[in-house]
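Got your viewer open and a colour scheme you like? Let's walk through the model stop by stop.

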Amino acid sequence: MALLPRIGFRKGLTLPALLLGAGLSLFSAQTLATVELVSISGVSNQDLTTLTKPLIYGGFTGGCTGDGISTCDSCTGAAVSGSKLWTCNKTNAYPNLRMTIQVSTNTAGASATNYLIKVNEDKFTPTISPTFADGILTVQMTWGEFCNAAGQGSSCATSFSADLQVGFEITNSGTTTADTLPFKVSVRAAATDGSDWFYTDCNTADATASIGFCHFETFPGDQKIYADNLVVAPGYPASTAAGINYTDLVFFYEEQQTAEADTATVARISNASPFFTIGVQETASPPVADNRIDGLTNGTRYCMVMANQDATGIISFFTPAPGHTTTPTPVPIGELCTTPAEVVGLLDDKKCFIATAAFGSEMAPEVQSFRDFRNKYLLPYSWGKSFVKFYYKHSPYYAHMIAESEVAKTVVRAALWPLLFFARMSVSFGFWATLLIWSLVAVSAYELYRRVIVGRRYRGEP
């Protein structure tokens, strides 16, 4: 602003030039007046996809407290109401956990005394006074304080979403300006009556909205188990809390001990058991990017249950498993247990004869092309799954025979090249587009053969 008097007293300065100078000065001041995010901690989860309005999540299940700085793990596996499976959160929030937000600014006049914090439309003063050093404002508030300021009570016992603003309120020349960074804070509080512990198996009953995935069956692979026949409830990915979506599937599992029955193994599974997380691709159909539980040992029997994890980190709606619940009705024990085993064949991921004999390596790009084709065009569909199961069942015998013959390997390698080209084109351009292209090529080749070869013979030409 000091630039205006100097411009105003220049000889011959026109009014348009003066207005332009004033506009540039104001624009410069507005450009400098920015608040940017530095860090967020003491929260269950955060989404920084949009830095102009970061998302903060708090997931409350009870069952644990911490040091007030870090979240706690409420997935302890302790039996509750006769079950070791119940809603929990490995990044659980609690009322006295301090949410810490740091923002930076180069705004002139910013200090620790003119900070501005608003919850929804109301100004908020935390118990811990904010600090300002080296251009960084540090704000701390307990989740209990925030929930109370949002009108939800200090126990954070209800699910809600609220707006939060952090920044400064600066008075200059009698004009007060707010310069803040907005946040969206979403909270999910677990049900206190256990109604979100288990899903009703939607393979035998209508799915209830907002419970996520509600059916799967185990299917063996090589050093893995496939979560087969996944079924999702209506409204996915929305959870039971408004504004909070499901993001992952979590499979808790146990290895079967010597001479142990499947029922006993399943009964040992808890929310503290080893687990495997599968990220969900919401726009896919079905909405799962990959249904493989990897890193298992061939020949060892595993039993597992599935649960749904949301953006707050809460894990809920477990598989109703025998030994854990009577309501809803437990799923058949045979759907939860299987034994990984080496499978030699075209569509298996590792140690297949295609990788070792035809293309020289299990990591060869040709083998990856077959994997991509399988994942995209076979496993998502019932007929494709049936084909994969049929292939896994009948291919090992023939695969071992081929692997023992160099001539057979060469023949099989040559026979697979057209399939490889088709698979790669399908992944790149789409299955139906590729099928159309190949059909046109086949018709053209046949027509060329009919006109040139057959026609020449018909005319008696050599």
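Is Lys53 buried, partly exposed or exposed? Select Lys53: its relative accessibility is 34%, so it counts as partly exposed (buried means under 20% relative accessible area, exposed over 50%, partly exposed in between, using a 1.4 Å probe and protein chains only).

Before moving on, some housekeeping. This is a predicted model, in which local features need pLDDT of at least 70 and side-chain atom pairs count only at pLDDT 80 or more, while totals for chains, interfaces and linings use all residues. Residues are numbered from 1 along each chain as its sequence is written, and side-chain values use heavy atoms, with hydrogens and water left out.

**Stop one: charged pairs**

Asp163 sits in strand S10 (residues 160-172) and Lys53 in the loop between strand S2 (45-47) and strand S3 (55-60), so the pair ties together parts that are 110 residues apart in sequence. Those labels are DSSP runs numbered from the N terminus: helices are H or I with at least four residues, strands E with at least two. Asp163 is partly exposed at 27%.

Next, pick Asp262 and Arg301: another salt bridge, closest N and O atoms 3.0 Å apart. Here Asp262 is in helix H4 (residues 262-268) and Arg301 in the loop between S16 and S17, 39 residues apart. Asp262 is buried at 19%, while Arg301 is partly exposed at 26%. The structure holds 10 salt bridges.

**Stop two: strand S14**

Select residues 246-255. That's S14, mostly covered, with 8 of its 10 residues buried. Which strand pairs with S14 over 9 bridges? Strand S17 (residues 302-310), in the antiparallel sense (strands pair if DSSP finds at least two bridges between them). Look for Glu255 opposite Tyr302 in S17. Strand S15 (residues 275-279) also runs antiparallel to S14, joined by 5 bridges; there, Phe252 has Phe275 as its bridge partner.

**Stop three: a three-strand sheet**

Show S12, S13 and S16. These 3 strands form an open sheet in that order, with antiparallel pairing. S12 (213-221) and S16 (292-294) are the edge strands, each pairing on one side only. Zoom in on Ile225, whose bridge partner in S16 is Ile293.

Methods
A salt bridge is a side-chain nitrogen of Lys or Arg within 4 Å of a carboxyl oxygen of Asp or Glu.
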